[in-house]
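Hi everyone, thanks for making time today. Let me put the structure up, and then we'll walk through it together.

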Amino acid sequence: MATLTVLAWHWLLPMHMAPMGFTTVDPPTLYPAWTAQTAWLMFAMWSVMMAGMMIPTAVPMGLAVERMARNHQDGPPLLAATLFVLAYVLIWTGFSASATAGQWAVERLGLMSDMMASASAWLSGLVLVGAGLFQFSPLKHACLARCRSPMGFLLTEWRLGLRGVFFIGLRHGVYCLGCCWALMALLFVFGTMNLVAAAGLAGLVLAEKALPAGPLIARFAGVLFAAWGFWILIHSWV
């Protein structure tokens, strides 16, 4: 899991330094027409970024899966943990496809800058407010509770065999997506290739999942995001 994370960030770093490298137009324009190659590269960028951000937050669950597989003798423990991670990443790859479509739509509406960040105060404000309010939602905290207790999750979700472990990875990925999708949407505000923001959001997700005060941290972040969004909306209105 550590190797996959390092490889993901290593692959993303050059794009962070030169985000316009995705375009195939020479000279580059503000909103070049997307080609199949552009769409594929955007999807690959989102997929690798989600892997780099979210795999570290699943390490406690991955280690718990390895221990459970060893105790239940459900095949080689390392293979079981690998299948769990692949299934977990598959869920976030699905999110990446939706994020790619969303980026295309935002660009077509002229709401994104050439640095792949929101160019609209209204878009930024609404996304920030939405993400902030979601931090207080029952769905957020129900999913977060499932992510914060690896052994508790596995005791209720365990399935026998390697196929069962893959299913568990999918289930955990769905709960993780339900917990964190709104935070990932903030990348449209900060910049979809802003790796500083991506690292900050990944750290926030890890703190929510791993620290004793995780639910409190989630609510505190929600207050900050919502207040920031309302401030942007008020100033854009005035």
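Which residues does methionine 54 touch, not counting residues up to four places away in sequence? They are Tyr88, Trp92, Cys176, Cys180, Met184, Val205 and Lys209, where contact means heavy atoms within 4.5 Å.

A word on the source: this is a predicted model, where local features need pLDDT of at least 70, side-chain atom pairs count only at pLDDT 80 or more, and totals for chains, interfaces and linings use all residues. Residues are numbered from 1 along each chain as its sequence is written, and side-chain values use heavy atoms, with hydrogens and water left out.

Now, the core. Of the 46 residues in the largest nonpolar core, Met54 is among those touching the most other members, as are Trp46 and Trp92. Such a core is a set of buried Ala, Val, Leu, Ile, Met, Phe, Trp, Tyr and Cys residues joined through side-chain atoms within 4.5 Å; buried means under 20% relative accessible area, exposed over 50%, partly exposed in between, with a 1.4 Å probe and protein chains only. A second, separate core has 13 residues, including Phe84 and Ile168.

On to charges. Lysine 140 and glutamate 208 meet through their side chains in a salt bridge at 2.7 Å, N to O, a salt bridge being a side-chain nitrogen of Lys or Arg within 4 Å of a carboxyl oxygen of Asp or Glu. Lysine 140 and glutamate 208 are 68 residues apart, and both are buried.

Key: Helices (H or I, at least four residues) and strands (E, at least two) are DSSP runs, numbered from the N terminus.
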